[in-house]
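Dear colleague,

Please find below the structure that I am handing over to you. A summary of the findings follows it.

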Amino acid sequence: MKVLRRNFRWGRSGELDLVCRDGDTLVFVEVKSLSTERFGAPSQHVDVRKRRMLRCGAVKWMSLLGWRVSFRFDVVEVTLAGGKRPQVTYCPHAFSLREGDVSRSSEPR
């Protein structure tokens with residue numbers, strides 16, 4: 001994957017952590033970090049509100065391109081347990097453009 005843009009901002013509060021290209025596919029990546037998994041994996045904290053905001057950013061980015069492009073949403077989980085090496089998990093196809101559609105088939109890598 002090639003990183004095209006970090007911290008793409010639009011409006012007052014919208015931000016995409018990473019916009020990447022994987023072959024002919026645009027990949028919008030949310031990086032979520034937590035200091036513990038006591039309250040669930042970091043990707044579980046990418047809630048409905050956050051996914052809606054990420055979708056808006058993707059629409060904004062793709063409108064600049066004219067919309068004729070395949071895309072997906074991925075999440076990178078980073079767990080920062082005190083004093084230990086960070087644990088990074090990549091979750092491709094974490095959710096789709098449709099509201100409420102969270103991928104159940106994507107396994108973290």
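**Findings**

Phe-95 is buried, because its relative accessible area is 6%, and buried means under 20% relative accessible area, with a 1.4 Å probe and protein chains only. Phe-73 also counts as buried, at 1% relative accessibility.

Please note that this is a predicted model, in which local features need pLDDT of at least 70 and side-chain atom pairs count only at pLDDT 80 or more, while totals for chains, interfaces and linings use all residues. Residues are numbered from 1 along each chain as its sequence is written, and side-chain values use heavy atoms, leaving out hydrogens and water.

The whole structure holds six aromatic pairs (rings of Phe, Tyr and Trp, the last by its six-membered ring, with centres within 6.5 Å). The rings of Phe-73 and Phe-95 are stacked (planes under 30 degrees apart), since their centres are 4.7 Å apart and their planes at 15°. This pair links distant parts of the chain, 22 residues apart: Phe-73 lies in strand E4 (residues 70-79) and Phe-95 in strand E5 (residues 87-95). Strands here are DSSP runs (E, at least two residues), and helices are runs of H or I of at least four, numbered from the N terminus. Phe-28, Phe-71, Phe-73 and Phe-95 form one aromatic cluster.

Glu-30 belongs to strand E3 (residues 25-34) and is buried at 5% relative accessibility.

Of its 109 residues, 38% are buried.

With kind regards

Technical notes
Buried < 20%, exposed > 50% of the residue type's maximum accessible area, 1.4 Å probe, protein only. Phe/Tyr/Trp six-rings, centres within 6.5 Å; stacked < 30°, edge-to-face > 60°.
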